[in-house]
Amino acid sequence: MERIHIAVLGAGRMGCGIAQVFAAAGHPVSLYDTQPAALAAAPATIAAMSRALGQEERVGSLVFTGDLAAAVRPAGLVIEAAPENLALKRELFQRVEALAGEQALLATNTSAIAIGEISEGMAAAARLCGMHFWNPPHLVRLVEVVQADATADTTIQQAMSLLESIGMSPVHVRRDIPGFIGNRLQHALKREAIALVAAGVCDAATLDKVVKEGFGSRLGVIGPLEQSDLVGVDLTYAIHRYLNADLDNTPGAHPYLESLVKDGKLGMKTGEGFYTWTDERGREVKARMDEFLARQAREKLSGQSS
Ligand SMILES: NC(=O)c1ccc[n+]([C@@H]2O[C@H](COP(=O)([O-])OP(=O)(O)OC[C@H]3O[C@@H](n4cnc5c(N)ncnc54)[C@H](O)[C@@H]3O)[C@@H](O)[C@H]2O)c1
């Protein structure tokens with residue numbers, strides 16, 4: 001395998017995970033951040049991710065740096081995972097394109113900002129694509145590779161092959177639309193979920209139980225369109241003709257969600273959101289999710305190596 005120097009910009013939640021997956025696959029990685037505290041915390045975070053997967057800790061092979069030029073100059077791929085702020089990302093990429101080699105691929109891990117808005121005015125816009133990793137990147141293999149109008153086809157091909165070569169599961173998003181594919185689907189579901197709770201149809205726990213123990217229990221093995229074909233497209237058609245007009249279509253955020261935010265009910269971090277939380281219950285839920293994802297990821301990794 002050709003080793004490609006990877007520069008990851010932003011050593012937060014996503015940047016550490018992205019750095020871990022490339023380092024675990026044997027690529028040299030530089031992790032850049034503007035905050036010394038983030039750089040100091042990153043090695044232990046990355047080592048813990050490797051341990052969760054039963055992988056060798058390769059933290060010694062990573063370079064943690066506050067020097068953008070040192071991270072970007074040798075890179076064949078630069079992945080930006082800095083805060084979700086258009087002005088910040090634009091400014092960072094303008095500096096990156098002046099520092100990076102002429103062949104370097106450039107990628108942004110933005111959750112929702114259109115890639116074309118970030119690359120506006122960049123000379124290297126053809127080499128920039130979206131590379132939307134999911135949280136946590138070391139456990140969730142899907143990556144949405146997003147093509148903006150200016151992104152060259154070769155950029156997409158190279159990004160997809162590199163991600164496949166390290167065991168990630170890339171998909172090509174052919175148009176630069178807000179939320180890409182995954183977040184559009186996820187938030188279409190959340191929109192209806194919030195509307196049901198707001199209308200008093202059920203409480204949050206009932207809603208989540210219906211998803212987890214109902215259709216959600218099969219989503220990991222059969223997608224919604226496969227399932228439509230399984231039961232017959234005519235059934236989906238009949239249901240949509242009857243039901244769609246009744247589904248929530250509130251423009252913007254639902255007033256119920258807005259009132260939670262206004263009341264400071266922000267979820268686990270404030271002790272209340274859709275549920276009431278203690279620190280212990282929050283830790284339990286997080287551990288449950290991490291262990292579930294880690295088990296799946298370990299099974300996939302052992303399948304790939306056998
Ligand atoms: N958290 C998620 O679930 C998730 C999922 C997919 C994509 N994303 C996207 O990934 C990006 C990073 O999110 P996160 O959750 O890791 O955020 P985070 O706040 O955990 O980390 C961001 C890091 O960027 C650093 N930073 C600030 N200014 C910088 C600069 N100018 N250059 C380099 N680094 C800088 C911060 O010090 C921090 O360490 C965002 O665009 C976010 O929308 C997040």
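The dialogue below goes through this predicted model, from the whole chain to single residues.

Q: Which helices and strands does the protein have, by number, and how compact is it?
A: Start by counting the elements: there are 13 helices and eight strands. The radius of gyration is 21 Å, close to the 19 Å that the globule rule gives for 306 residues, so the protein is as compact as a globular protein of that length. Along the principal axes, its C-alpha atoms fill a box of roughly 55 × 45 × 45 Å.

Q: How is the protein divided into domains?
A: The assignment gives domain 1, covering 6-173, and domain 2, covering 182-254. Between the C-alpha centres of domain 1 and domain 2 the distance is 32 Å.

Q: What should I look for in the interior?
A: In soluble globular proteins, nonpolar side chains tend to be buried together. Here, buried residues make up 29% of the 306 residues. The largest nonpolar core has 57 residues, and those with the most contacts inside it are Val8, Ala19, Leu77, Val78 and Ala107. Helix α1 gives the most to this core, namely eight residues.

Q: Which residues does Val78 touch?
A: Leaving aside residues up to four places away in sequence, Val78 touches Ala7, Leu9, Val72, Val96, Ala100, Ala104, Leu106 and Ala107.

Q: Is His5 buried or exposed, and where is it found?
A: His5 is in the segment before β1 (6-9). It has 20 C-beta neighbours inside 10 Å, so His5 counts as buried; the cut-off for buried is 20 or more. Beyond residues up to four places away in sequence, His5 touches Pro28, Pro74, Ala75 and Gly76. Val201 is 196 residues from His5 in sequence, and their C-alpha atoms are 53 Å apart in space.

Q: How does Gln158 count, and where does it lie?
A: Gln158 lies in helix α6, residues 153-165. With 19 other C-beta atoms within 10 Å, Gln158 is partly exposed.

Q: What should I check in the backbone?
A: Most residues other than glycine have a negative phi, and most peptide bonds are trans. In this model the peptide bond from Asn135 to Pro136 is cis, with omega near -5°. Pro136 is found in the loop between β6 (128-133) and β7 (142-146). Phe180 is not a glycine, yet it has a positive phi of about 50°. The loop that holds Phe180 runs between β8 (169-173) and α7 (182-198). Phe180 counts as buried because it has 22 C-beta neighbours inside 10 Å.

Q: Which residues come nearest to the ligand?
A: There are 23 residues around the ligand, and Gly10, Gly12, Met14, Ala38 and Asn135 come nearest. The elements that give two or more residues to this shell are α1 (13-24) and α4 (86-99). The largest share, three residues, comes from α1. By type, the shell divides into 11 nonpolar, nine polar and three charged residues. Asn135, one of the nearest residues, is also on one side of the cis peptide bond to Pro136.

Notes
Residues numbered from 1 in each chain as written. Predicted model: local features only at pLDDT ≥ 70, side-chain atom pairs only at ≥ 80, totals over all residues. Near = placed C-beta within 6 Å. Helix = DSSP H or I, 4+ residues; strand = E, 2+ residues; numbered from the N terminus. Nonpolar A, V, L, I, M, F, W, Y, C, P; charged D, E, K, R; others polar. Domains from an automatic or database assignment. Rg over C-alpha atoms; globule rule 2.2 N^0.38 Å. Buried ≥ 20, exposed ≤ 12 C-beta atoms within 10 Å, placed from the backbone. Core = buried A, V, L, I, M, F, W, Y, C linked by C-beta atoms within 7 Å. Contact = placed C-beta atoms within 7 Å.
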